[in-house]
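Morning, everyone. I have one model to walk through, with a few local features picked out. Here it is on the screen.

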Amino acid sequence: MTQRITVTHTHGEQISVAAAGVELMAYVYRPDPDAFEARKPYAHPLRTLAGNPVSGYRPNDHRWHKGLQMTSSHLSGQNFWGGNCYLGPEKGYQRVDELVGSMRHDGFEEFTVTDDRLRFVETLTWVANPSVQHSGGREWARELRTIELHSVEPEEGTWALDWSIHLTNIRGEALHFGSPTTAGREMAGYTGLNWRGPRDFTGGDVIGPDGRGGDGEKGASDLMGAPAADVPWVAFTGEHDGVDGHSTLLFAHAPENAGAIHASHWFVRSEPIPSVAPSWAFFEEFELPPGESFGYRYRVVVADGPWDRARAENYLKNHGW
């Protein structure tokens with residue numbers, strides 16, 4: 001049986017969702033103060049039903065990492081990820097403030113709360129940095145983002161978050177989506193929906209279907225760059241500081257992603273930082289012509305305890321899209 005949820009909307013700032021006295025998620029859409037961190041909405045904190053934190057916020061190694069957030073590390077020369085820009089093998093990472101864009105919250109087209117589910121549809125505009133003159137204007141893309149928090153199940157110790165993006169090119173010329181790997185850095189194809197785990201999840205175990213993955217960094221390395229066509233889900237388990245126990249996050253592609261504009265691959269790290277992203281441009285760039293759109297949909301399951309493959313596969317089998 002699902003648990004009743006409580007939703008608190010602090011207008012202009014954030015949406016908080018709680019169940020049985022535990023804040024499961026805060027979705028923050030007010031503008032960040034630091035433009036260098038690529039102002040955009042994010043979900044943090046994320047907590048299990050037991051109240052254990054499973055997201056990191058502004059860690060000292062990457063201040064622009066904020067829980068779960070939609071990003072684009074390389075987009076037609078702009079950085080919608082935040083922080084230093086990767087400028088190729090010869091120049092490496094450098095701070096270039098005028099290359100860091102932002103995602104502007106424009107409003108909500110839908111906001112629905114029932115006893116056990118929150119669903120909202122948010123409109124956003126991807127805005128290139130104002131310090132540089134860009135052909136086609138500074139407003140590059142219009143996003144329709146749908147987020148649903150649902151399936152809060154105390155007996156299973158789980159809840160789920162579905163996150164979808166529908167992005168339209170409004171720039172007037174083609175947009176080119178890439179990553180540090182497409183710019184010359186091997187196995188650093190991070191972009192798209194990115195999760196940053198808490199510090200105590202460093203060294204956590206990562207598994208996928210069909211025997212992929214394993215303990216610690218060995219498991220993450222086995223899944224790094226794996227195609228979503230072969231690996232539709234990845235589970236990351238970490239052990240907490242302060243309390244005895246583990247938590248697991250399960251990341252899954254919706255079935256329709258198989259027909260998306262560009263094939264996805266997994267970006268997975270356990271060390272030196274815990275991070276997972278179903279990257280949409282890991283090895284190769286793709287182009288979005290003017291006026292055209294693309295979409296992806298993902299599910300993130302937050303669970304108390306360590307999960308094995310059977311637990312992950314049973315959950316996905318028993319919870320339809």
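Let's start with R145, which lies in strand β11, residues 139-153. Strands here are DSSP runs of E with at least two residues, numbered from the N terminus. Before going on, the ground rules. This is a predicted model, so local features need pLDDT of at least 70 and side-chain atom pairs count only at pLDDT 80 or more, while totals for chains, interfaces and linings use all residues. Residues are numbered from 1 along each chain as its sequence is written, and side-chain values use heavy atoms, with hydrogens and water left out.

Back to R145. Buried or exposed? R145 is buried, at a relative accessible area of 0%. The cut-offs: buried is under 20% relative accessible area, exposed is over 50%, and partly exposed is in between, with a 1.4 Å probe and protein chains only. The side chain of R145 makes a polar contact of 2.8 Å with the side chain of E143. A polar contact is a pair of N or O atoms within 3.5 Å; within protein, one must be able to donate a hydrogen and the other to accept it, and residues adjacent in sequence count only if both atoms are side-chain atoms.

Who else touches R145? Beyond four places in sequence, the contacts of R145 include Y27, P41, M70, M103, E122 and W163. Contact means heavy atoms within 4.5 Å. R145 and F108 are 37 residues apart in sequence, with their C-alpha atoms 9.3 Å apart.

Next, K40. K40 sits in the loop between β3 (22-28) and β4 (42-46).

What K40 does have is backbone oxygens. A polar atom of the K40 side chain lies 3.0 Å from the backbone oxygen of A38. The backbone oxygen of W81 lies 2.9 Å from a polar atom of that K40 side chain. Outside four places in sequence, K40 is in contact with D32, Q69, M70, T71, F80, W81, G82 and M103.

Now the sheet. Nine strands form an open sheet with antiparallel pairing, in the order β9-β10-β11-β12-β22-β18-β17-β15-β16. β9 (102-114) and β16 (213-214) are at the edges with a single partner strand each, so one side of each has no neighbour in the sheet. Two strands pair if DSSP finds at least two bridges between them. β15, residues 205-207, pairs with β16 in the antiparallel sense over two bridges. In that pairing, V206 stands opposite G214 in β16.

Last, backbone geometry. Most residues other than glycine have a negative phi, and most peptide bonds are trans. The H44 to P45 peptide bond is cis, with omega near 0°. P45 is in strand β4. E271 and P272 are also joined by a cis peptide bond, omega about 0°. P272 is in the loop between β19 (265-269) and β20 (275-279).

Then phi. R58, not a glycine, has a positive phi of about 45°. R58 is in the loop between β4 and β5 (68-71), and is partly exposed at 30% relative accessibility. S151, not a glycine either, has a positive phi of about 55°. S151 is in strand β11, and is buried at 14% relative accessible area.

Note on methods:
Helix = DSSP H or I, 4+ residues; strand = E, 2+ residues; numbered from the N terminus.
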